[in-house]
Amino acid sequence: MEPWRDYPMDLEIWIDFTCPFCYLGKIRFFKALQRFKYKQTVNITYHSYLLSPNDNNLEKLNGHQWLAKHKDITLEQAIKLNLNVEEMAFDEGLSLDFNQVIPRNTIYAHKLMKQLHGQAQIDFVDAVFNAQFKDHQDISSLDVLIELAKPYLDPIKISEIYLSNTNLDLIKADIDLSTKFGLRGVPFFVLNRKYSISGAQDELYFYDTLEELYFESKPKKPKETTYCVGDHCERKVKK
């Protein structure tokens, strides 16, 4: 095995669970990652972002109504925007129906996410997104979150985190850090604290970026020549 084969790449992803573009971007990124030859070198960490932190969960709004209120637009405008997202999702093999989505304050899911690391965190994020956009569950419900998190945490611990201020400081730190990186929306991807990708880019864009960053980051072998030939010569990742 080449000595540079396991050279790590750190990928940090800012998300909010009420964000369909975060769901779509996650799907596209992981499709690209599965194709990436050196995927075992990618260390993934999710960070929290709150698009609507003041939601009180008292209103019974569907995805169209919530977007209209959140963006201060008409219901017709919101429906048109969401239909565009549904079409994008359909192209990825996903079925979104904003008539059935239940928008809720995501702070409780984020508090649990911050308790997890590595593959457990990745799997939990997948479960919450699926609960929100596929199963149309209330992801602010303690009962729902216990079901989603119990493969990784004891139900008593889940309840303690849910009912307390646990991890709120970590969520605030994530949001503060995103400001330093110039985040203007989610999803937001930061690679090796050097490059960033904003939005739900297509699978090929993610794949090309992974390749470029990998070959840029790996330890360089001594060269006998001053020129280079190949796809990865003088390639730069766009910020």
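Predicted model: local features only at pLDDT ≥ 70, side-chain atom pairs only at ≥ 80, totals over all residues.
**A walk through the strands and a surface patch**

Strands β1 (residues 9-15) and β3 run antiparallel, joined by 4 bridges. To find the contact by eye, look for Trp14, whose bridge partner in β3 is Phe188.

Now stay with β3, which covers residues 188-191. Phe188 and Val190 point one way from this strand, while Phe189 and Leu191 point the other way. In a regular strand, side chains alternate between the two faces of the sheet. Here the residues on both sides of β3 are all buried.

From β3, move on to strand β4 (residues 195-198), which pairs with β3 in the antiparallel sense over 4 bridges. Leu191 has Tyr195 as its bridge partner in β4. β3 and β4 form a hairpin, with 3 residues between the two strands. In that turn, Asn192 has a positive phi of about 55°.

Next, turn to the cysteines. Cys19 is buried, at 5% relative accessible area, and Cys22 is buried as well, with a relative accessibility of 1%. How many disulfides does a search of the whole structure find? The search finds 0.

Finally, come out to the surface. There, Leu75, Ile79 and Leu83 form a nonpolar patch, and together they have about 220 Å² of accessible area. Leu75 lies in helix α3, which spans residues 75-91. Leu75 counts as partly exposed because its relative accessible area is 37%, which falls between the 20% limit for buried and the 50% limit for exposed.

Key. Residues numbered from 1 in each chain as written. Heavy atoms only, no water. Disulfide = S-S within 2.5 Å. Buried < 20%, exposed > 50% of the residue type's maximum accessible area, 1.4 Å probe, protein only. Pairing = 2+ DSSP bridges. Patch = residues over 30% accessible without salt bridge, like charges linked within 9 Å, V, L, I, M, F, W, Y side chains within 5 Å. Areas by Shrake-Rupley, 256 points an atom, 1.4 Å probe, with all protein chains shown as cover. Salt bridge = Lys/Arg side-chain N within 4 Å of Asp/Glu carboxyl O.
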